[in-house]
Amino acid sequence: MSDQHEYWMREAIAQAKQAEQLGEVPIGAVIVLGEEVIGRGYNLRETTMDATAHAEMVAIREASQQLNSWRLLDCKLYVTLEPCPMCAGAIVQSRIPQVIYGTTDPKAGCAGTLMNLLQEPRFNHRTELITGVLQEECSMLLTEFFRGLRRR
């Protein structure tokens, strides 16, 4: 099972690298149904001047269009960075049953670090979490990106 999670996380990392090529913070996400990616996304906030253009939001929109449904039942979301409050809310609202993320977000993480909106018992939906998949690789993408920004 962990090999499968690493395989799909590498797909999310590929998305993050596309963001980085645009000068965006390198965060990527894929939504998988069965053995197929039905949604892909990477951070596009600077490119689109849209605060909601996080990797997860882009992937959720694409997956919803693909399935012609806002309910993403039986899907798995792989994302390189722990979801923020907005993305965690969208994950709950879209009923994604499982989230697998690479590295924690000490500034905005809402899947266990600052709080855990994905498993909040007062919500009508809770999401299974798997954390730390390819953590070092996901973390280094961000570390190297911000190190490069500081150098400039």
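Modeller: In this predicted model, the largest pocket holds about 510 Å³ of space. Its lining is made up of 23 residues, and those closest to the centre of the pocket are Ile 27, Leu 81, Asp 105, Leu 142 and Phe 146. Sorted by class, the lining of the largest pocket comprises 11 nonpolar, six polar and six charged residues. Two helices, α3 (55-67) and α5 (135-151), each supply at least two residues of this lining, and α5 gives the most, with five residues.

On the α1 side the residues in contact are Met 9, Arg 10, Ile 13, Ala 16, Lys 17 and Glu 20, and on the α5 side they meet Glu 137, Cys 138, Leu 141 and Phe 145. Taken by class, this contact of α1 with α5 has six nonpolar and four charged residues, with no polar ones.

Turning to the strands, five of them form an open sheet of mixed pairing, in the order β2-β1-β3-β4-β5. The edge strands are β2 (36-42) and β5 (128-131), each of which pairs on one side only, and the twist from one strand to the next averages 15 degrees. Within the sheet, β3 (residues 75-81) and β4 (residues 98-103) pair in the parallel sense over five bridges, with Val 79 standing opposite Tyr 101 in β4.

Helices also lie across these strands. Helix α1 lies across β1 (28-33), β2, β3, β4 and β5, and runs at about 55 degrees to β3. Helix α3, which also supplies at least two residues of the pocket lining, lies across β1, β2 and β3, and runs at about 145 degrees to β2.

Technical notes:
Residues are numbered from 1 along each chain as its sequence is written. This is a predicted model: local features need pLDDT of at least 70, side-chain atom pairs count only at pLDDT 80 or more; totals for chains, interfaces and linings use all residues. Side-chain values use heavy atoms; hydrogens and water are left out. On a 1 Å grid over the protein atoms alone, a cavity is a set of points where a 1.4 Å probe fits but cannot get out, and a pocket is an open set with protein on both sides within 12 Å along at least five of seven lines; lining residues have an atom within 4 Å of a point. Grid points are joined across faces, edges and corners, and a volume is the space filled by probe spheres set on the points. Helices (H or I, at least four residues) and strands (E, at least two) are DSSP runs, numbered from the N terminus. Ala, Val, Leu, Ile, Met, Phe, Trp, Tyr, Cys and Pro count as nonpolar, Asp, Glu, Lys and Arg as charged, and the others, Gly among them, as polar. Contact means heavy atoms within 4.5 Å. Two strands pair if DSSP finds at least two bridges between them. Axes are lines fitted to C-alpha atoms, for helices over the stretch in contact, and angles run from 0 to 180 degrees between N-to-C directions.
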